[in-house]
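Me: Please take a close look at one part of this model for me. I want to hear about the aromatic rings.

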Amino acid sequence: GLLLFKADSAYRIHDSNTGAYTTIDPSIGCGSNIGAINAYGRTYVASTRGIYWTDGLESMKEQTQLIEPFFHKDRINQNRPDLFCAGRFQDRLYFSFPKVGESLNSLVVEVHPLQNWIMPHDNAASAYASLRNTTEMVFGSPVNAGRVYNHGTGGADAGEDITSTLQTRWIEPRGGNLTRIRRVRFVGHGTFNATIL
């Protein structure tokens, strides 16, 4: 079958001769023509309501419920879903969005579907592309027209440090009882600061 997306719905065309189709989801679609990416037997899409996926048969499933407030209309420009874009680099997916009031992408959400983690960054793209016969990905600059950057080759974007912020769910050691924490382990890459509240 062939998957077809509108801004607020998703379909599977199962007969190329007649155009017969099945509605996969009547309320979740893809924001733009470059806002979908295939990975791990699924199709992931950037929607105004978040990042969703389908296996092509079942209705859309939300991938970004952990950061659902990120997709509120006071955070991203939901009037410009045509700017949303998606790309893949190694085992991670990237989705770029414009901030509210902006007409270019300025936020990116990095998703690891297998480990189920999500990280927002500020190194957004206007489009992503994978290079043939390599594992590299390039992206178009939303700020500098005509500029293409190699993704994942450093911690800077056009000379500016890439910043990310993540707040985990509340974790209460020992069920909320008084505890002295002697060690906390973080797994990631880059240089970062951690604040325990």
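How many aromatic pairs does the count come to?

Reply: This is a predicted model. The count comes to 6 aromatic pairs.

Start with F71 and F97. Their ring centres lie 5.3 Å apart. Their planes meet at 80 degrees, so this pair is edge-to-face, because planes over 60 degrees apart fall in that class. The pair links distant parts of the chain. F71 sits in the loop between β7 (61–62) and β8 (85–89). F97 belongs to strand β9, residues 92–98.

Now the burial. F71 has a relative accessible area of 3% and is buried. F97 is at 0% relative accessibility, so F97 counts as buried too. The cut-off for buried is under 20%.

F97 has another partner, F84. The ring centres of F84 and F97 are 4.8 Å apart. Their planes stand at 70 degrees, so this pair is edge-to-face. F84 lies in the loop between β7 and β8, and F97 in strand β9, so the pair ties together parts 13 residues apart in sequence. Both F84 and F97 are buried.

Ring pairs join F70, F71, F84 and F97 into a cluster.

The charged end of R42 sits over the ring of W53, 3.6 Å from the ring centre. R88 lies over the face of Y40, and the distance to that ring centre is 4.8 Å.

Terms used. Residues are numbered from 1 along each chain as its sequence is written. This is a predicted model: local features need pLDDT of at least 70, side-chain atom pairs count only at pLDDT 80 or more; totals for chains, interfaces and linings use all residues. Side-chain values use heavy atoms; hydrogens and water are left out. Rings of Phe, Tyr and Trp (its six-membered ring) pair if their centres lie within 6.5 Å; planes under 30 degrees apart count as stacked, over 60 as edge-to-face and the rest as tilted. Helices (H or I, at least four residues) and strands (E, at least two) are DSSP runs, numbered from the N terminus. Buried means under 20% relative accessible area, exposed over 50%, partly exposed in between (1.4 Å probe, protein chains only). A charge sits over a ring if NZ of Lys or CZ of Arg is within 6 Å of the ring centre and within 35 degrees of the ring normal.
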